[in-house]
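Hi everyone, thanks for coming.

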Amino acid sequence: MLAVFLLSTITLACLVSLLAMFSSNQWNPKGKHCYITGGSSGLGLSLALLLTRQGAHVSIVARDQQKLRNALDELEENSRQNPEQKLNSYSFSLNNEAAAAEAYESVCAAHGGRSPDAIFLCAGTATPGFFVEETEASQRKGMEMAYWVSACTALVAAKRMVRERVAGKIVFVSSFCGYMSFVGYSSYAPGKHALRGLAETLRSELLLYNIGVHIFFPGTIYSPGYVEENKTKPKITLKIEESDEGLQPDRVAEALLHGVQNGNFHISGELTGHIFRSSTRGATPYNNVFIDRIYSLIGSIALPLWRRGVDSMVIGHKSEHDAYLADKGFFEQK
Amino acid sequence: MLFSKNLTWNPDGQHIYVTGGSTGLGLSLAILLVKSGAHVSIVARNQNKLDDALKELENHRQHSNQKLAAHSFSLDTAEESAAALEVVCEPHNGRAPDAVFACAGSSKPKFFVEMSAEEMQNGMTNGYWVQAWTAMAAAKKMVRDRTKGKIILVSSTLGYMSFVGYASYSPAKHALRGLADTLQSELMLYDIDVHIFFPPTMYTPGYEEETKTKPKITRDIESTDDGVTAEAAAVALFEGVRAGHAHITADMITTLFRASTRGVAPRHNIFLDPLYDMAAYIIAPIWKRSVDKRVREHRAEHREYLVEAGFFS
């Protein structure tokens, strides 16, 4: 059984490597117009700097005017390669279709009304908390900041790209919380999983128009967003995440760009990400049929062990949590 | 699950709340539960369908003291879902149900570029929120009552993967998985079990509705799939809950997806799951390649279709 398995894996690996030799060129950002949402801080800003250094025209959209000004200054001072590059920033909210369409319109205006060549949907935040303390408002807000803020722009962009016959790219940014979840993420994981559902649908559907789709699953990023997130994060969640090593936004942005250039549909940034990706692959294409299998095997041993550890931490937290809820008057309310 | 405490859950004498319980999967499941001796409350929107459903449930009554009830509520908002739960609990001393099966939901497949933002929103409401609000109300009530209950969500094979036509539906079904996996971990704080069902195509009134807008290319891709009856799906769901499975499937194809997309979700069987995973490793890419090929071949026809629909004007 093992011999058959190894033989078939090796054969497959050889076939795929042969195919890869004849595959298309790497995507090159030079001279291309890249639109980055959430581009004034964190992953979005790092990506903007990286793409600018590679010679792209870059448009960034976010809400805060001051942050956008600072970001644009950084792009100009530290990254501009040549005077032809168009570097622009716009202040817009992106949480509904009208707002997303307005932002998109402005972004296209500086390029003769033409759609960007690639859209990187980096905007989004997380507000972890306990499910039983959530309200309709906090749940809807969670979905907005994890999903709608990207889905709305994707809807606008797809329609425009199709009408203009632009064979562009749409790049979604999910999270480890789009591959799995645990205590504290009931307002975030659903939205990050939803992005996966949308990306899987669109990867298939947008083949009709030669529009490429990618989706990135980063782990913890040491960004301003991360600092915000930890303000509401339950102690038990922090405890579970204790041993996680996060990454600086620059490193994460490199992994994202690398994945897009390699033509990977699901993009993961480091070993843990690769293991999750390979263990939750379903019908998603391989990035590397041989190595992915190894990640998957590692995952099949490591993940249940990790899971068992998380479960015991949660179970061990029961009485402390009960006291916490009692203190907040939870049991008196209706 | 090797270490599950409820190896054989028995609904006899328990109060079970089923949303979407007047038709399709929900009704078939309610019937099974009534036959097992449970008190069953069903909620849906249409009063006529509820009346018919209640009559059917009565036909399967086992004891005279079984409480069977049907109520008409929308479940689109948190407020309505909480109100529905309160009404459902009234005949039971206002106590939380022992189990809540969130079977409500519908799908409207369509091309992405033809969808309005509203249709995307409706997809999320009818595929996700309609269950999430019930889960939220139920969790809060079970915790307050200290009921060690069960919450069961109903996703779809499209919660494990997707393809052309499902841009408003698959995100919602994936979101349910995100919620279920979060709650599976989190509700251990309260000894509340969480399960999630991933049925394939079910031949129900809901399925008939869906085919009205479904693009031809989507229908072509699905033409080789074997669907199941609502009754068969209900049996699979029921048995999965009784066996204590976190993720439940009703057909082999979805089982292969479950095993290969399991990630951190609990395993069913330490020997079978890896075999399924290996099978999926070979089969899934072949399936995917054939679906992609069909989509690419559909390009010209699709372009014509959009032109006729006035998309480019």
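Let's start with a word we'll need a lot: "buried" means under 20% relative accessible area, "exposed" means over 50%, and "partly exposed" is in between, with a 1.4 Å probe and protein chains only. Now some housekeeping. This is a predicted model, where local features need pLDDT of at least 70, side-chain atom pairs count only at pLDDT 80 or more, and totals for chains, interfaces and linings use all residues. Residues are numbered from 1 along each chain as its sequence is written, chains are lettered from A and ligands numbered from 1 in the order in which they are written, and side-chain values use heavy atoms, with hydrogens and water left out.

Okay, salt bridges. By that I mean a side-chain nitrogen of Lys or Arg within 4 Å of a carboxyl oxygen of Asp or Glu. How many are there over all chains? The structure holds 29 of them.

Have a look at B:Lys150 and B:Asp193, whose side chains meet in a salt bridge at 2.9 Å, N to O. B:Lys150 sits in strand 5 (residues 150-154) of chain B and B:Asp193 in strand 6 of chain B, so this pair ties together parts that are 43 residues apart in sequence.

Next pair: B:Lys216 and B:Glu301 form a salt bridge, with the closest N and O atoms 3.9 Å apart. B:Lys216 is in helix 7 (residues 216-222) of chain B and B:Glu301 in helix 11 (residues 299-308) of chain B, so parts 85 residues apart in sequence get tied together. Here B:Lys216 is partly exposed at 42%, and B:Glu301 is partly exposed at 43%.

Over in chain A, A:Glu133 bridges to A:Lys328, and the closest N and O atoms are 3.4 Å apart. A:Glu133 lies in the loop between strand 4 (118-121) and helix 5 (136-164) of chain A, and A:Lys328 in the segment after helix 12 (318-327) of chain A, so this pair ties together parts that are 195 residues apart in sequence. A:Glu133 is partly exposed, with a relative accessible area of 29%. There's also a network of salt bridges linking A:Glu105, A:Arg160 and A:Glu164.

A nonpolar core here is a set of buried Ala, Val, Leu, Ile, Met, Phe, Trp, Tyr and Cys residues joined through side-chain atoms within 4.5 Å. Which residues touch the most other members of the largest core? Of its 128 residues, those are A:Tyr147, A:Ile170, A:Phe172 and B:Tyr128. Apart from that core lies another one, of 35 residues, among them B:Trp9, B:Ala30, B:Met202 and B:Val241.

Let's zoom in on B:Tyr128. Leaving aside neighbours within four places in sequence, B:Tyr128 is in contact (heavy atoms within 4.5 Å) with residues of chain A including A:Gln139, A:Met143 and A:Pro190, and with residues of chain B including B:Gly123 and B:Leu179. A:Ser204 is buried, with a relative accessible area of 1%.

Most residues other than glycine have a negative phi. What is phi at B:Asn93? There phi is positive, near 60 degrees. B:Asn93 lies in the loop between helix 3 (78-89) and strand 4 (99-102) of chain B, and at 73% relative accessibility B:Asn93 counts as exposed. B:Asp191 also has a positive phi, of about 60 degrees, in the loop between helix 5 (170-186) and strand 6 (193-198) of chain B.

Last thing, from the records. An unreviewed UniProt entry lists residues 35-52 and 166-186 of chain A as "transmembrane region". In the model, residues 35-52 of chain A are 61% helix and 17% strand, with the end C-alpha atoms 11 Å apart. Residues 166-186 of chain A are 0% helix and 24% strand, and the end C-alpha atoms lie 37 Å apart. Keep in mind that UniProt positions are given in the numbering used here, feature names are shortened, and annotations may be inferred rather than shown by experiment.

Key: Helix = DSSP H or I, 4+ residues; strand = E, 2+ residues; numbered from the N terminus.
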